[in-house]
Amino acid sequence: MSAIPSQVLVTESSPRDGLQSLGALVPTEAKARLIDDLSVAGIKSFDAVSFVNPKAVPQMADGAGVIAAVQNREGVELGGLVPNMKGFEAAIEAGVDTIGLLTAASDEFNQRNINATVDEAMHRIRRILLEVPRGVATRSYISTATHCPFEGDQDPDWVAHLAGTLVEWGSDTVYLGDTIGKATPSHIEILLEHVLEEVPVEKVGIHLHDTYGQALANTTVALEHGVARMDTSAGGLGGCPYAPGATGNLATEDLLYMLDGMGIEHGARLPDVARVARDFCEEQGLDYNSRAGKALLASQERE
Ligand code: HMG
Ligand code: MG
């Protein structure tokens, strides 16, 4: 087991994963302002938008507009998730800094999500990786890395094989997605033991949804294995339109509170992140779901 990292990269997924399932369209300017306000609060990496079929996910139809409307680009990395070559070309045209590539471990979820088997999605990714311009970073997501809503438990050996292959093909990093938030610390432990046989720890990230309330415990296991890249969503916003019942990612504020307590650097200011996310949720009529954020804001209001 590696040493617990002294610093982690927190990537903020609220503008993309946090909003993609919402029926009511959030205005482009409000999405860009969320990114700007969170970057002022110290978050420098964003899973900002996706370039997918707007008929499938109407909320993400304005990806290029969001990227163009972000004011503060200094030191800020904006990511665009792409399911195919068309999305990749749109993302590069829009000027993203990072391309998020997409497969699942399970065929059934992948078919429903991006209309491709795992094999087909892997080959799409391979073709895209060959086209990525210099200076644009790549991260590959493996969704349903522990559980699939349709096929159940996933084989960690298979996920490790996919992760190793993606890195071998040139993906800078690989993010393991617990898409439906069902994993417990034992699942993450076993998964990482397999994946870290194939991929150096500095290239591995986690993308955990908090549906069953396990994401923070699972993050601790990842930290104990030396993983220093994690996606979270301010206010706990989110879910996946193709994963029934799945709720948002681990709330950014909950992670920051734990990292602060453990003395692990992340560069963001928790009270500012909480205020920005709470205000965004109020403005858009959304539930604010960070436990640490709620507690902190309530204690500040009592002072
Ligand atoms: P398809 O039907 O196989 O695509 O869908 P197609 O190539 O046959 O094209 C159908 C239509 O889509 C055409 O338009 C294309 O132009 C258009 P029409 O002729 O009907 O007007 N199209 C596109 N438009 C914009 N951008 C594109 C694009 N590609 C085709 N890139 C496709 C395949 C992947 C497009 C579709 O299934 C899709 O868009 N799926 C959306 C999936 C999605 O956004 N899921 C949520 C994100 S994944 C996630 O949340 C998991 C993650 O968070 C990790 C985790 O939690 O585990 C990352
Ligand atoms: Mg997700």
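View 1. Helix H5 (residues 107–114) lies across strand S4 (98–104) and strand S5 (137–143), running at about 130° to S4. Here contact means heavy atoms within 4.5 Å, and angles run from 0 to 180 degrees between N-to-C directions of axes fitted to C-alpha atoms, for helices over the stretch in contact. Helices (H or I, at least four residues) and strands (E, at least two) are DSSP runs numbered from the N terminus. This is a predicted model, where local features need pLDDT of at least 70, side-chain atom pairs count only at pLDDT 80 or more, and totals for chains, interfaces and linings use all residues. Residues are numbered from 1 along each chain as written, chains are lettered from A and ligands numbered from 1 in written order, and side-chain values use heavy atoms, leaving out hydrogens and water.

**View 2. The barrel and its parallel strands.** Eight strands form a closed barrel in the order S1-S2-S3-S4-S5-S8-S9-S10, with parallel pairing (at least two DSSP bridges between two strands). On average, neighbouring strands are turned by 25° against each other, direction ignored. Look for Thr11, which stands opposite Asp231 in S10 and also opposite Ser45 in S2.

View 3. Asp17 lies in helix H1 (residues 14–18) and His207 in strand S9, so the pair ties together parts 190 residues apart in sequence. Asp17 is buried at 2% relative accessibility, and His207 is buried at 5%; buried means under 20% relative accessible area, exposed over 50%, partly exposed in between (1.4 Å probe, protein chains only).
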